[in-house]
Amino acid sequence: LMAGHVGLQTLAMFAGARGPSDHPYEKGHAMLMSRHAVGIPVIDGDLPDTPPETPHGVLSIEGGEILEGSLERLHEFDRVSRLRLIALTWNNENEIGYPAKNDCGLGLKPFGLTLLKEMDRLGVLPDVSHLNERGFWDIAEHAALPPVAAGVNDDDVALGNIGRHLEIVLDRLQRIGITEQTDVADLDVRHHGDHAVHHAQAGPEDRHDGQLLARDAVALGHV
């Protein structure tokens with residue numbers, strides 16, 4: 001991280017590969033309580049106005065089954081250390097919705113829609129990396145905050161090839177954050193309101209996707 005001049009690194013609390021049946025809350029809670037043992041400082045409160053000069057971590061959830069269909073779980077995690085984003089699904093159906101893997105064509109479940117409203121209130125971004133297509137468009141319709149696709153490549157996103165769909169996505173949402181597995185941008189992220197992902201300074205490696213965008217419409221990061 002220091003060699004790459006990374007100031008903020010998302011640390012994902014992964015629910016596990018087996019979904020709701022594999023005690024995801026207990027695993028997530030253990031990771032939450034051991035967050036300060038990862039070797040870099042973890043920011044538990046608001047983000048600083050400028051990125052730190054040395055590596056710092058912020059927390060996310062990878063697999064919404066960690067919440068066990070409970071807003072109380074969301075509040076617990078966010079109270080202990082501010083959550084920045086939640087990947088609503090991994091590769092398993094959960095209380096929120098359905099994964100892109102073997103897409104069933106159904107949208108977010110009732111708890112998923114309730115969760116979105118509370119995430120909007122708290123300033124927690126919805127990560128659509130492994131969510132199915134109908135679920136993605138439910139977020140487009142119901143969420144106030146912009147979605148992000150974190151830690152994916154083109155073939156992983158529910159909408160298929162991002163380059164093929166990005167124009168229609170931006171036409172509807174106006175803002176989106178994409179984290180790709182390439183050195184594409186110098187990411188600048190804030191944790192408040194509808195500007196939570198608000199600009200990227202494009203580098204020479206940027207693909208044609210960036211040419212569709214105003215600087216206030218997209219954030220491109222790298223992993």
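**View 1. Overall fold of the predicted chain.** The chain has 5 helices and 9 strands; these are DSSP runs numbered from the N terminus, with helices being H or I of at least four residues and strands E of at least two. The order along the sequence is β-α-β-α-β-α-β-α-β-α-β-β-β-β. This is a predicted model, in which local features need pLDDT of at least 70, side-chain atom pairs count only at pLDDT 80 or more, and totals for chains, interfaces and linings use all residues. Residues are numbered from 1 along each chain as its sequence is written, and side-chain values use heavy atoms, with hydrogens and water left out. Of the 223 residues, 52% are buried (under 20% relative accessible area; exposed is over 50%, partly exposed in between; 1.4 Å probe, protein chains only). Among contacts (heavy atoms within 4.5 Å) with a separation of 6 or more, 66% link residues 24 or more positions apart.

**View 2. Strand 3 and its pairing with strand 2.** Strand 2 (residues 56–62) runs parallel to strand 3, joined by 4 bridges; pairing requires at least two DSSP bridges between the strands. Glu62 has Ala87 in strand 3 as its bridge partner. From strand 2 the chain passes through helix 2 (residues 71–80) to strand 3, a right-handed β-α-β crossover. Right-handed here means that, with the strands pointing away from the viewer, the path from the first strand over the helix to the second runs clockwise.

**View 3. Strand 3 beside strand 4.** Strand 4 covers residues 125–127 and pairs with strand 3 in the parallel sense over 3 bridges. Leu85 is bridged to Leu125 of strand 4. Helix 3 (residues 110–122) carries the chain from strand 3 to strand 4 in a right-handed β-α-β crossover.

**View 4. Helix 2 against helix 3.** The two axes come within 10 Å and cross at roughly 30°. Helix 2 is therefore roughly parallel to helix 3 (angles under 35 degrees; over 145 is roughly antiparallel, 65 to 115 roughly perpendicular, the rest oblique).

**View 5. Gly105 in its loop.** Gly105 sits in the loop between strand 3 and helix 3. Its relative accessible area is 45%, so Gly105 is partly exposed. Beyond its neighbours within four places in sequence, Gly105 contacts Asn132 and Arg134. Asn132 is 27 residues from Gly105 along the chain, with 7.4 Å between their C-alpha atoms.

Definitions and conventions: Axes are lines fitted to C-alpha atoms, for helices over the stretch in contact, and angles run from 0 to 180 degrees between N-to-C directions.
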